[in-house]
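Here's a quick briefing for anyone opening this one up for the first time. Have a look at the sequence and the structure, then read on.

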Amino acid sequence: MSSSSPLLLLLLAVTMASAYYFIAPPTTPVEIVKHHMKYVVEAGDAENATTFLQLIEFINPAKTNVTLAMAVFSSYEYYPITAEFFNHGHVYTRVDMKKPEREMYMYFMLRPTTSSPSGWTIYNVT
């Protein structure tokens with residue numbers, strides 16, 4: 001065995017662990033919410049209304065200015081405070097929303113979907 005073999009094995013192990021981290025879907029409710037809100041902010045920043053509406057299903061484009069909604073949602077940082085599974089795999093969460101001049105919180109309900117890039121959609125907000 002050459003002296004570089006242990007180094008190659010270590011490199012391979014680190015690469016595989018990193019790949020698993022990026023490929024493995026989030027499994028806890030808090031991870032799901034963090035992952036989903038990252039997609040919401042990215043869609044808002046990119047002004048991608050199609051993706052944004054897949055991620056936040058409760059917004060009705062016939063009644064809501066989607067461009068304004070994207071600007072508002074992408075202007076905050078999101079911190080899930082509580083999150084739990086309910087109703088056969090849906091997620092109920094309280095999310096603190098922060099930006100330098102304002103802080104607030106909202107309650108979101110998410111459900112799994114195949115039409116959203118995150119695999120989830122927000123279907124209710126209180």
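Predicted model: local features only at pLDDT ≥ 70, side-chain atom pairs only at ≥ 80, totals over all residues.

**A first look at the sheet and its helices**

- Strand β3 (residues 102-112) is joined to β2 by nine bridges, and the two run antiparallel.
- Strand β1 (residues 77-86) also pairs with strand β2 (residues 90-99) in the antiparallel sense, again over nine bridges.
- In that pairing, A83 sits opposite T93 of β2.
- Between β1 and β2 there's a hairpin with three residues between the strands, and N87 takes a positive phi near 50 degrees there.
- Put together, you get an open sheet of four strands in the order β1-β2-β3-β4, with antiparallel pairing.
- At the edges are β1 and β4 (120-125), each of which pairs on one side only.
- On average, neighbouring strands of this sheet are turned by 30 degrees against each other, if you ignore direction.
- Helix α2 packs on the sheet and touches β1, β2, β3 and β4, with its direction at about 135 degrees to that of β1.

**Where two helices cross**

- Helix α2 (residues 29-45) also meets helix α4 (residues 66-74): their axes come within 8 Å and cross at roughly 130 degrees.
- That angle makes α2 oblique to α4, and the crossing is left-handed.
- On the α2 side, the contact is made by V40, V41, A43, G44 and D45, while α4 brings M70, F73 and S74.
- Sorted by class, the contact of α2 with α4 has five nonpolar, two polar and one charged residues.

**Aromatic rings**

- A pair of aromatic rings is described by how far apart the centres are and by the angle of the planes.
- With ring centres within 6.5 Å as the cut-off, the count here comes to four aromatic pairs.
- What kind of pair do F52 and F73 make? Their ring centres are 5.8 Å apart and their planes stand at 65 degrees, so the pair is edge-to-face, since planes over 60 degrees apart count that way.
- F52 lies in helix α3 (residues 49-55) and F73 in helix α4, so this pair ties together parts that are 21 residues apart in sequence.

How values were computed: Residues numbered from 1 in each chain as written. Heavy atoms only, no water. Pairing = 2+ DSSP bridges. Axes fitted to C-alpha atoms, helices over the stretch in contact; angles between N-to-C directions. Parallel < 35°, antiparallel > 145°, perpendicular 65-115°, else oblique. Left-handed = near helix turned anticlockwise from the far one by under 90°. Contact = heavy atoms within 4.5 Å. Nonpolar A, V, L, I, M, F, W, Y, C, P; charged D, E, K, R; others polar. Phe/Tyr/Trp six-rings, centres within 6.5 Å; stacked < 30°, edge-to-face > 60°.
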